[in-house]
Amino acid sequence: MQQRAKRYAFLLFPVIVGAIWIPFGFKTTGILEEWLYLPRGDMGWQILFQPSGGLHYLRPLVDMPHHFAVLLTPGSFIGYNVVMAALIAAKGIALYAILSELTDKTLFAFVAAVMFMIYPSDTALFSLRMVAVHTTVLAYLLAVWLLVKSLSVSRKRTFVLISAAIAVLHAINLLIYEVSYPLIFFTPLLLVWRDGRINRRVVVRAAVWYLIPLLTFIRFIVLLIFSPEMTFQRMLLEQAENAGAARGEIILRQLEQLFTRNTYLGWLRTAQSIPDTALEFLIIGVSLGVVAGILCWLLWKPMDRVSPRAALYWAAAGMGIVVLGFITYIPAGYLTTDRVYFFSSIGAGIFTAALLQLLVWWMPLRRLTTALLVGLLVSLGIIAGLEQHRDYVDRSLDQQRIIASIATQVPAMSDVAAILIFDESEKLYGGIFWDRQRIQNALRVLYEDSQLMVYFCTPYSSRANTFRANTLCEPRNDYVLLSPDYPNEEPTSVSYRHILTFVYQADGSLTLLEKFPSQYVLGQAPTDYQPEQLVCAECDPPRRVYTLLSEWPLPDMALPAPCGS
């Protein structure tokens, strides 16, 4: 029975992830830089290993997971969602495999891995833009698993293959994200703990482990110091230096957030939110909590218990991983709670499992108590995941409604160079859409037009106080002057004959203007603005509305009629 339970335990990881995704489907769109990657899905697989540049010059493979996701399903976010769900489940399975290899305490390994996978510490666990960070965590865990497995390998050829695989995983991890260097430095201690001493076998495997990280770290430091490129890391360090006397206060706040969010705060807030949680989420969470509890019951055996002393060691090790997984963020002065606890959650899961083992050691009915406590935490973790996922879905739907409204009023278009959106609500820029490039890429993918430009505009009275330079459009008598995205570029002028203009109101309505309002023009109102000549009102909607949007038409949405209908 216990051997069968071990097999079922592996299945629980994808089941939990599926339960968090299925209520929302696999077509949820991204909300930030995912839109910048989506058009690349039409460029072919040759872009998969195209090195990153610009601010991510020090992270040459950071685009690779995004490219893989968009290449799976061009013109759709299905690939993104599938890759994300697979990565999260694989991370849990990987930690379960590592802990099962390190210790014969199957129940402890299972609980720690499940807690890690659903730990409610990071607030961006289900954001599609985190696909690269999930990839680095999985690459690190797989490398650790291979390192531990290498201790039981005697054949030279097998050891060489494992060493090569570890090198590849390190390269993927560290050329995407540099956060795991502190963890990598201390990881070979597992070899010493497993073998009980430092011997030739341990030294050889540690040397293999450190080779690629040493080379990538030297590259990172040299480029950070001597490269003329302005990188993301250098920009953050400069911002931290400018903090001055407030730097100490920032570090204290970082550490406070680190320990509270990776111990109790996420569980507490989820428990407090239960009265306002959707019934559907409660049913899913409780049901899977019961399944997890039953698995714990089946996996439990007297000799499988972790002693109080061992539990304390594991708890300390967990807290050490929490700190090591976050420490590289401290120099940058990060106070955000998204994407910074992905590695720390490994330690948080281990810490929680050790704490549970310690708690039930002196309690009666240990088997039942263990099952109940694990079931409770799994239920809370899944409910927290569903709530967080719903938050991203809601923000995605806000964007999709705007895209759907444009697709309804403009089923097809020809000879359109630019779409202008006059934002009377002042909610689009930095709000619903972070900047114009997000919606520009969305519409480029939708209409399969890689040259289409989209700009947010505002009336002159409020423009200067509200919007950055790269959102400006300046309507003049015969053309519209569009500001460049970068200071060294020249403005673009577009004739009114090739422009479609929308106005977005505070009530959320988006309307295609049949005439260009005079109050938006610096001078006289144009006479050659004729949108009906550019729009085919009788045409079918763009074919990609069925793949790009979660549904078509979107539910609970009154869409305007097509232009000219």
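The buried residues of helix 14 are F281, I284, G285, L288, G289, A292, G293, L295, C296 and L299, where buried means under 20% relative accessible area, exposed over 50% and partly exposed in between (1.4 Å probe, protein chains only). They cover an arc of only 165° around the axis, which places them on the same side of helix 14; the arc is that of the directions from the helix axis to the C-beta atoms. An α-helix has 3.6 residues a turn, so residues three or four places apart point the same way. Helix 14 (residues 279-299) has 21 residues and reaches 30 Å from its first C-alpha to its last, close to the 30 Å expected at 1.5 Å a residue. The expected span is 1.5 Å times one less than the number of residues. Helices (H or I, at least four residues) and strands (E, at least two) are DSSP runs, numbered from the N terminus.

The model is predicted: local features need pLDDT of at least 70 and side-chain atom pairs count only at pLDDT 80 or more, while totals for chains, interfaces and linings use all residues. Residues are numbered from 1 along each chain as its sequence is written, and side-chain values use heavy atoms, with hydrogens and water left out.

Rings of Phe, Tyr and Trp (its six-membered ring) pair if their centres lie within 6.5 Å; planes under 30 degrees apart count as stacked, over 60 as edge-to-face and the rest as tilted. By this rule there are 25 aromatic pairs. The ring centres of F13 and F110 are 6.2 Å apart and the planes stand at 75°, so this pair is edge-to-face. F13 lies in helix 1 (residues 2-21) and F110 in helix 5 (residues 106-118), so the pair ties together parts 97 residues apart in sequence. Both F13 and F110 are buried. W21 and F126 also form an edge-to-face pair, because their ring centres are 5.6 Å apart and their planes at 70°. This pair links distant parts of the chain, with W21 in helix 1 and F126 in the loop between helix 5 and helix 6 (131-150), 105 residues apart. W21 counts as buried at 0% relative accessibility, and F126 counts as buried at 5%. One aromatic cluster is formed by F10, F13, Y96 and F110.

Strand 1 (residues 418-423) and strand 2 run parallel and are joined by five bridges; two strands pair if DSSP finds at least two bridges between them. I419 stands opposite V454 in strand 2. Five of the five residues of strand 2 (residues 453-457) are buried, so this strand is largely enclosed by the rest of the structure.
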